[in-house]
Amino acid sequence: MSCQPPVPLESEPVFNSFQINDIMTETAPTTSYKQIFRFWLPLAATWIMMSVEGPYIAAIIARLGAEKENLAAYGVAFAFALVMESPVIMLMSASTALCRDRLHYQKLRNFSLFLSLAVTLVMIIFLLPPVFNLIIRTVLGLPDNIASITHGALICLLAWPGMIGVRRFYQGLLISAHKTRRVAFATVLRLTVMASTAMICFHFSQLNGAAIGALALSCGVTAEALLTRYLARHAVRQVLSRDLPEDTALMSYRDIGDYYLPLALTPFIALAVHPMVTFFLGKSHLALESLAVMPVIYGLTFIFRALGLSYQEVAIAFLSENKANYRLIRNFAAGLALTVFVILGLIAFTPLSHLWFHKLSGLSLDLSSFALLPLQINVIFPATTVMICMQRSLLIVARKTKPVSWISGLEAVGIFSVLAILVLYSPLAGAVAASIAYVSGRLLAMAALQWPLHKQLPLFRATPR
């Protein structure tokens, strides 16, 4: 998913033991740091391409009128769009694992289309004035002017969740057919259409900044979904030519639902965090300024988080082939974590922060100064992303995936608890409180993951090289 505010967990894929069954399990020769780097680099490049969306959109919005109001409304709108999208995020994993023959492809295709239509319908219901006003104006307590801008932005994002579902289903087919370059090619089109739409609207329309940003995102992901479907046509023909193996039972729709639900829960929990954070920001000290700068901070940190998110698949692949790769994979992760920490630290603690926030992102001098402390607190966040992805990959390869889901819930509880305390009982600005809460929740999750990990680590450490 894209570098957007808030952190898109489309970008934190989680696999389960069913999918691991399709990964090579025979012992393979141990790898090298060079091989790891070459395997990881294309995946990282794809994530980096997506990560520029958020900063680009924020920069467009910041250069239009009423920057605070539109940045705040855009952040709120996108937070809710991400929650609407969360049930379809793991369709890529399900497609990769299940679409091995004609009958399962047809069933999962129908399931995916139904789910994509369902999330679109839910978003339409959410946009109905009675529902929208209850949640946005009454519960969140957003001012009328920001609520109105948010409603318009969400209308422009109406195509977003359904197109994400279609895109991820066919991306799974491409991955299972070893056509991953086509996935990246479609991402290039997404960015091109997104940037072009934003620039055309910027110069030739009367839309406000939040609506322009939302419309650009919807156009980009729709173009990507359509191209992905076209590029997957050969993969579809191949899978349609395969009959169900005689020793394989056909999954019913209920079986698919039972299989998919645990996959859907993890991103839903993670993405649901952000509207709740938005709620607290709306009640916090310097609420408008906090709502305005957090999308920009999210966008910058996600560029570095993307490097860690892409590494999870690398670790899963190499550890599944040979557990003796553990030390190399762990050391590479540690080096990657240190690298993103140092580079983001250079931006946060030097005049490069002014260049990013004011010159590139277009924030005013006041907002640029306001965003500095939250960014400095978040310096450690991308490094923790690398390490928690490493932890998850070990559990996934060991086929112990339940802790991945419940610890995501624990992280959410940690974020809410810290944020509530800071907003209610401290004079800290909302953006500062949110940054502390995010980092605290992540550190809590990493510590909690060590409990189920300690039983699995001997399986990797004891494997001879």
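**Note on salt bridges and nonpolar cores**

1. Glutamate 224 and arginine 167 form a salt bridge, with their closest N and O atoms 3.3 Å apart. A salt bridge here is a side-chain nitrogen of Lys or Arg within 4 Å of a carboxyl oxygen of Asp or Glu. The pair links distant parts of the chain, 57 residues apart: glutamate 224 sits in helix 11 (residues 209-231) and arginine 167 in helix 9 (residues 160-176). Helices are DSSP runs (H or I, at least four residues), numbered from the N terminus. Glutamate 224 and arginine 167 are buried. Buried means under 20% relative accessible area, exposed over 50%, and partly exposed in between (1.4 Å probe, protein chains only).

2. Some ground rules. This is a predicted model: local features need pLDDT of at least 70, side-chain atom pairs count only at pLDDT 80 or more, and totals for chains, interfaces and linings use all residues. Residues are numbered from 1 along each chain as its sequence is written, and side-chain values use heavy atoms, with hydrogens and water left out.

3. The structure holds seven salt bridges. One joins the side chains of aspartate 243 and arginine 102 (3.6 Å, N to O). Aspartate 243 lies in the loop between helix 12 (233-240) and helix 13 (253-283), and arginine 102 in helix 6 (residues 102-127), so this pair ties together parts that are 141 residues apart in sequence. Aspartate 243 is exposed, at 54% relative accessible area. Arginine 102 is partly exposed, at 30%.

4. Another salt bridge pairs the side chains of arginine 442 and glutamate 411 (3.0 Å, N to O). Arginine 442 belongs to helix 20 (residues 430-453) and glutamate 411 to helix 19 (residues 402-425); these distant parts of the chain are 31 residues apart. Both residues are buried. Elsewhere, salt bridges with shared partners join Glu53, Arg167, Arg190 and Glu224 into one network.

5. Now the nonpolar side. The largest nonpolar core has 143 residues, and Ile136, Leu157, Val277 and Tyr311 have the most contacts inside it. Such a core is a set of buried Ala, Val, Leu, Ile, Met, Phe, Trp, Tyr and Cys residues joined through side-chain atoms within 4.5 Å. Helix 14 (residues 287-321) supplies the largest share of this core, 16 residues. Apart from this core lies another, of six residues, including Met50, Phe302, Ala306 and Leu309.

6. Tyrosine 311 deserves a look of its own. Leaving aside residues up to four places away in sequence, tyrosine 311 touches Ile36, Trp40, Ile329, Phe332, Ala333, Leu336 and Met390. Contact means heavy atoms within 4.5 Å.

Key
Helices (H or I, at least four residues) and strands (E, at least two) are DSSP runs, numbered from the N terminus.
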